[in-house]
Amino acid sequence: MINIDNMLLKVQKPARYTGGEVNSIVKDAKEVSLRIAFCFPDTYEIGMSHLGAKILYSLINSRSEYWCERCFMPLPDMEMLMRENSVPLYGIESMEPIADFDILAFTLQYELSYTTILAMLDLAGIPVLKSERDAAVGVSYPIVIAGGPCACNPMPLCDFIDIFVIGEGEEVTLELLDLFDKCKKSATLRDEFYAEAAKIEGVYVNGLTSRNPVKKRIVADLDSIFFPESFIVPFVEAVHERAVTEVLRGCIRGCRFCQAGFICRPYREKSGAKILNETVSLCESTGYDEVSLCSLSTSDHSDIEGLLTKLTDYTDKNSINLAFPSLRIDKFNEEVLRRIKSVRKSSLTFAPEAGTQRLRDVINKNITEEEILEGCRVAFSGGYSSVKLYFMLGLPTETDEDIVGIYTLTEKIMRLYKECGPNRGISVSISLATFVPKPFTPFQYEPMISRDEADRRQKLILSLFREKRKVKLSRSAYNTSFLEAVLARGDSRLGRVIYSVYKSRRDSSNKSISSALDSWDDYFDFSKWESAFNECKVDPVDIANRRRDYDEPLPWGGFDMLISAEHLIRENKRAHQGEVTPNCRESCSGCGVNLCVRDF
């Protein structure tokens, strides 16, 4: 067992690194046949807020013969002390090195976490390159697995990961672990395990070719799948301090920019009874006084009013706040407001995405200005005085008129607030993200706007809001969005770039290390990426800012997310024609998914 007592007084928030929280799971290492480290390539506070991590941690540990521990990227202060004291990265349940585990499972939630994966492997004392691990003589390193939304295009990480899980993990994870356990007990060679693993639907074994695209794994019935009865309660305040229950998966809307809306299809719901049971169990086992309904669009649940009735009967009685983070503004009516009247009225978040109806039709947002204003009227009349609005700059076909439309729409919302007559002043927060084209969306063929054009458009919107003191406006940094686009759309050449950035963390003495938390603005250093692109002779502009032809081979073409290429092309053409596609409940768009929302 690793002893870190001498380091804890020297770092901020030492409880990030100690484990021992309520509901954490500790087993006897001698009594288990497999040890798995669930590695979240970010800090403790972020990883402990992620629902997928909670589900898989509890799922694996529900099997007595397997032990899953958690592992996070330490902050720079702790990382430096670990390296200075030769302390390797460890699982926080056992405080033992993850290099001694059987499997390391990384979750790919965000492209800018890729360098963090390499840093975690390095800190664990494990070669970051798959080729080096494979060539090692006399050493058996853990198998490195990765899954999550970014795994839909695994090519940039193929130099480092052994196995990718494509799609949803509840069923395929245990199938993969059972296979490995069987092979380990029979002393099967690792190559033979890889060959068998490649036969499991949803599994891509790096280095093994496949004649057919690797088909993503889905869970058909959400009511029957595993869901934890309890969550670990962190010692350190996490990003989201609340219980979370999943309401549905997939989305009926078909917004053409939204990767999650396409790769999470088909649309499936949990029953109200299932959601209520999970809510009660989680609140009672954790003591949280807030529960959040998790989905891409909770208000699209087919029985949303009945669901809210069930939940508020429980939450009101027990003084528990019900959070509704994925509420569509066109679904926010008096009945919904009545059902959540006891919820703490902090602010409401809506995402019009575009300022004009023309551009909302291009992106298939399927929401009108009248619906936006009506939703805000209901909110203001119900006592809300703070609203957050999400927009994107650089959407396909966007013009300056569309940008001015963001200002015009905001003006109408502020005037509407005055008409509703609340006594308090209104607070409006506007978030401006730069559009990033993502794989498996109708906009995967589109270019990201250039740096100069993004700067010009941001200056235009800033000039419009300069005199609006009650409007707080934030915008994404272009370098971050640009790199996100490069890593999302890139091919296997990106592995060399990621490796080069990883190596640049160390100075010539091989001692001084810069942070590997590229997903944090405080630590992100774009100059390292610029140098790496030049060194590796990879043109990032060609990857991010160039339009793709419909018949052009795509790096992610070897993976089947159940959405047909014909549908994506058809939707792209409809976007340029300004044509909307009805949501899945209104009409089938023929996207290629067999299980359809009409089954609900």
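**Cores, sheet and helices**

Trainee: Which residues touch the most other members of the largest nonpolar core?
Mentor: They are I4, Y90, I163, F193 and W529, in a core of 127 residues. A nonpolar core is a set of buried Ala, Val, Leu, Ile, Met, Phe, Trp, Tyr and Cys residues joined through side-chain atoms within 4.5 Å. Buried means under 20% relative accessible area, exposed over 50%, and partly exposed in between, with a 1.4 Å probe and protein chains only.
Trainee: How should I read the numbers and values?
Mentor: This is a predicted model, in which local features need pLDDT of at least 70 and side-chain atom pairs count only at pLDDT 80 or more, while totals for chains, interfaces and linings use all residues. Residues are numbered from 1 along each chain as its sequence is written, and side-chain values use heavy atoms, with hydrogens and water left out.
Trainee: What is I4 in contact with?
Mentor: Leaving aside neighbours within four places in sequence, I4 contacts Y17, M78, V87, Y90 and M95; contact means heavy atoms within 4.5 Å. A second, separate core has 58 residues, including L311 and V387.

Trainee: Now the sheet: what is the strand order?
Mentor: The order is β2-β1-β5-β6-β7-β8, in an open sheet of six strands with mixed pairing. Strands (E, at least two residues) and helices (H or I, at least four) are DSSP runs numbered from the N terminus, and two strands pair if DSSP finds at least two bridges between them.
Trainee: Which strands stand at the edges?
Mentor: β2 (66-72) and β8 (203-205) do; each has a single partner strand, so one side of each is left without a neighbour in the sheet.
Trainee: In which sense do β1 and β5 pair?
Mentor: β1 (residues 34-40) and β5 (residues 103-107) are parallel, over four bridges. A105 in β5 is the bridge partner of F38.
Trainee: What does helix α5 touch on the sheet?
Mentor: Helix α5 (residues 114-123) touches β1, β2, β5 and β6 (143-147).

Trainee: Changing topic, is F227 buried or exposed?
Mentor: F227 counts as buried because its relative accessibility is 9%. This residue lies in the loop between β9 (214-215) and β10 (243-246).
Trainee: What does F227 touch?
Mentor: Not counting residues up to four places away in sequence, F227 touches several residues, among them L51, I55, V244 and L282.
Trainee: How far is the C-alpha atom of F227 from that of T397?
Mentor: The two C-alpha atoms are separated by 42 Å, and the residues are 170 apart along the chain.

Key
Axes fitted to C-alpha atoms, helices over the stretch in contact; angles between N-to-C directions.
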